[in-house]
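Student: Before we turn to contacts, could you show me how to read side-chain exposure and salt bridges in a model of this kind?

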Amino acid sequence: MSGHNHKLDKIDLKILKILQANSKITNLDLSKKIGLSPAPTLERVKKLESSGIIKSYHAQVDPQVIGLSVKTFVLVSLAWQKENALENFIAKVAEIDEIVECYIITGEADFLMHLVCKDIPTYEQLLFKTLSKIEEIERLKTLMTLSTVKDSKVLPFDYDTVPFNGGN
């Protein structure tokens with residue numbers, strides 16, 4: 001990882017906005033949208049990738065279509081008195097595929113986990129057979145989602161204003 005010392009200009013920011021909305025856009029279409037010819041456009045994209053500003057490209061799969069209909073957020077309070085509670089908890093979370101995101105948070109719990117699974121029985125199984133067996137967890141609180149109102153992959157940023165120093 002190089003230290004993001006890449007200076008971003010207006011064109012770079014335009015590229016970042018467009019690629020977040022659609023990473024499958026062709027270099028030709030991208031070059032037309034930003035008003036550069038294809039070669040320097042590709043050069044810029046490659047620079048954004050190599051400097052680590054663009055981390056990766058993903059296919060966004062609709063979970064419903066592949067039969068994953070339950071999305072929950074789980075608040076976790078850790079049993080801090082247990083030895084190596086944090087390290088052990090993090091290691092166990094890494095092993096559970098249904099946990100797609102996990103954050104250390106402030107407020108009424110220590111972690112916020114985002115889980116995706118097939119259905120309620122599957123979630124119940126996961127809760128009682130897997131999560132409840134993690135001894136580093138003191139308390140769990142499940143927040144069940146009903147429907148998605150917004151799910152944007154474009155980061156909230158003023159893409160028309162050049163940042164002071166490339167946001168180090």
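Tutor: Relative accessible area is sorted into buried (under 20%), exposed (over 50%) and partly exposed in between, with a 1.4 Å probe and protein chains only. This is a predicted model, in which local features need pLDDT of at least 70 and side-chain atom pairs count only at pLDDT 80 or more, while totals for chains, interfaces and linings use all residues. Residues are numbered from 1 along each chain as its sequence is written, and side-chain values use heavy atoms, with hydrogens and water left out.

Student: Is K141 buried, exposed or partly exposed?

Tutor: K141 is partly exposed, because its relative accessible area is 44%, whereas E108, at 60%, counts as exposed.

Student: Which kind of contact do the side chains of K141 and E108 make?

Tutor: A salt bridge requires a side-chain nitrogen of Lys or Arg within 4 Å of a carboxyl oxygen of Asp or Glu. K141 and E108 meet in such a bridge, at 3.5 Å from N to O. Since K141 lies in strand β4 and E108 in the loop between β2 and β3, the pair ties together parts that are 33 residues apart in sequence; strands here are DSSP runs of E with at least two residues, numbered from the N terminus.

Student: How many salt bridges does the structure hold?

Tutor: The structure holds 6, including one between D151 and K153 at 2.7 Å, N to O. D151 is partly exposed at 41% relative accessibility, and K153 is partly exposed at 46%. Salt bridges with shared partners also join D9, D12 and R44 into one network.

Conventions
Helices (H or I, at least four residues) and strands (E, at least two) are DSSP runs, numbered from the N terminus.
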